[in-house]
Every structure is written in structure tokens, then in C-alpha cells.
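User: Hello! I am new to this structure and would like to go through it step by step. Could you show it to me?

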Amino acid sequence: MVKLIGGLLLCSFMISAPVYADASISSAPKAAVPSSTVPSKGPKLMSATQLKAFDGKNGHKAYVALNGKVYDVTNIDEWKNGKHYKGMVAGTDLTPYISKSPHGPQIVDQLGLTPVAIYKK
Ligand code: HEM
């Protein structure tokens, strides 16, 4: 008799336990993020370290930073192999030197250059 009651109790536990476990799993919070909170793809940022690699040497592209923006000067004759006048080189921030150039910062507009990245030291 004791065995019978014990068996019944065990059976009822086995039946009810999985139901309880399932309920706790299905109520687990989902890590869903509303699409409205996902940031849209913004402008690319480039650090000084990243910029340095675009030195125009050995087939590398030639990028220069000017007034917080990065420009691709690879196809400009005056920037061949990443070298320019007055010791200016690609892969660097030219902002402190642009006032010493004969053309000034408007050269980027004159050449129709559009920034490839935002310069973030
Ligand atoms: C985004 C940056 C720059 C670009 C795209 C650029 C581009 C050019 C181009 C296309 C020329 C030949 C046409 C012209 O004289 O207008 C030139 C000339 C020159 N640039 Fe730049 N430049 C840049 C920055 C600088 C800087 C920072 C200096 C610093 C001193 C500089 C100094 C010169 C000099 C001395 C010349 C020669 C002008 C002459 O023919 O006597 N440039 N540059």
C-alpha cells in the first residue's frame, strides 16, 4: 500500500514537473531589440593610427586629413606615391599646414573631392 501511494506520488510529480519547467522557459524574456533603436549606418570614422596606413607608398592608397575630414588623394598627380610639396605626406593630418599652402583649404572643393571618412584622432 505504501509502495502504491509512493508510486502514485512519483508519477504525479513526473507529469507535473515538465509542465512547470516548460512554463518557466517560455516565459524567459527574449533579447529582441526594436528596429527603431538600431543605429543607422553613420559616416565612417578614421583614427590617426588607421590613417597612417594610407601613406600612398607600395601601392597603398593615399589619404589625408583636413579640417576633420579624410580625403582620398591617390589619383592626384601632385600626390604621387603619397608625396606632396613642402614635405607634406599622405597618411597624416594636414590641417596645421594648409594655411602655408598657396592654394588653401578650398583645394578640396576645386578638385571635387568628397570625404571618405570623418577624422577622429
Ligand atoms: C587635401 C590637401 C591637399 C590637396 C588635395 C592638395 C592638392 C594640390 C594640387 C592639386 C596642387 C597643384 C595645383 C595647384 O597649385 O593648385 C597643389 C600644389 C601645391 N600644394 Fe597642395 N594640396 C593639399 C595640401 C597641401 C598642404 C597642406 C600644403 C602645405 C604647405 C600644400 C602645398 C602645396 C604647394 C607648395 C603647391 C605648389 C604650388 C605651385 O605650383 O607653386 N598643399 N596642391
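User: What percentage of the 121 residues in the protein do buried residues make up?

Analyst: Happy to start there, with the reminder that this is a predicted model. A residue counts as buried when its relative accessible area is under 20%. In this protein of 121 residues, the buried share comes to 24%.

User: Which pattern of helices and strands does the protein follow along the sequence?

Analyst: The secondary structure consists of three helices and four strands.

User: Among contacts between residues at least 6 apart in sequence, what percentage join residues at least 24 apart?

Analyst: A contact here is a pair of residues with heavy atoms within 4.5 Å. Among the protein's contacts between residues at least 6 apart, the share that joins residues at least 24 apart is 65%.

User: Let's turn to the ligand. Which residues around the ligand come nearest?

Analyst: The ligand takes up the space of the largest pocket. Two elements, β2 (63-66) and α3 (107-110), each give two or more residues to the shell around the ligand. There are 20 residues around the ligand, and those that come nearest are Glu78, Trp79, His84, Tyr85 and His103.

User: How many residues of the shell around the ligand are nonpolar?

Analyst: The shell can be sorted by residue type. Three of its residues are polar and three are charged. The nonpolar residues number 14.

User: Is Lys86 buried or exposed?

Analyst: Lys86 lies in the loop between β3 and α3, and its phi is positive, about 55°. Most residues other than glycine have a negative phi. The relative accessible area of Lys86 is 74%, and exposed means over 50%, so Lys86 is exposed.

User: Where is Asn81, a residue with a positive phi near 55°?

Analyst: Asn81 is not a glycine, yet its phi is positive. Asn81 counts as exposed because its relative accessibility is 53%, and the cut-off is over 50%. Its place is the loop between β3 (69-72) and α3.

User: How far apart in space are Lys52 and Asp93, C-alpha to C-alpha?

Analyst: Lys52 belongs to helix α2 (residues 48-52) and is exposed, with a relative accessible area of 62%. Lys52 and Asp93 are 41 residues apart in sequence. In space, C-alpha to C-alpha, their separation is 9.3 Å.

User: And which residue is 38 residues from Ala53 in sequence and 6.3 Å from it in space?

Analyst: Ala53 is found in the loop between α2 and β2. With a relative accessible area of 45%, Ala53 is partly exposed. The residue that lies 38 places away in sequence and 6.3 Å away in space, C-alpha to C-alpha, is Gly91.

Terms used. Residues numbered from 1 in each chain as written. Predicted model: local features only at pLDDT ≥ 70, side-chain atom pairs only at ≥ 80, totals over all residues. Heavy atoms only, no water. Near = heavy atom within 4 Å. 1 Å grid on protein atoms, 1.4 Å probe; cavity = no way out; pocket = protein on both sides within 12 Å on 5 of 7 lines; lining within 4 Å. Sits in = over half its atoms within 2 Å of the grid points. Nonpolar A, V, L, I, M, F, W, Y, C, P; charged D, E, K, R; others polar. Buried < 20%, exposed > 50% of the residue type's maximum accessible area, 1.4 Å probe, protein only.
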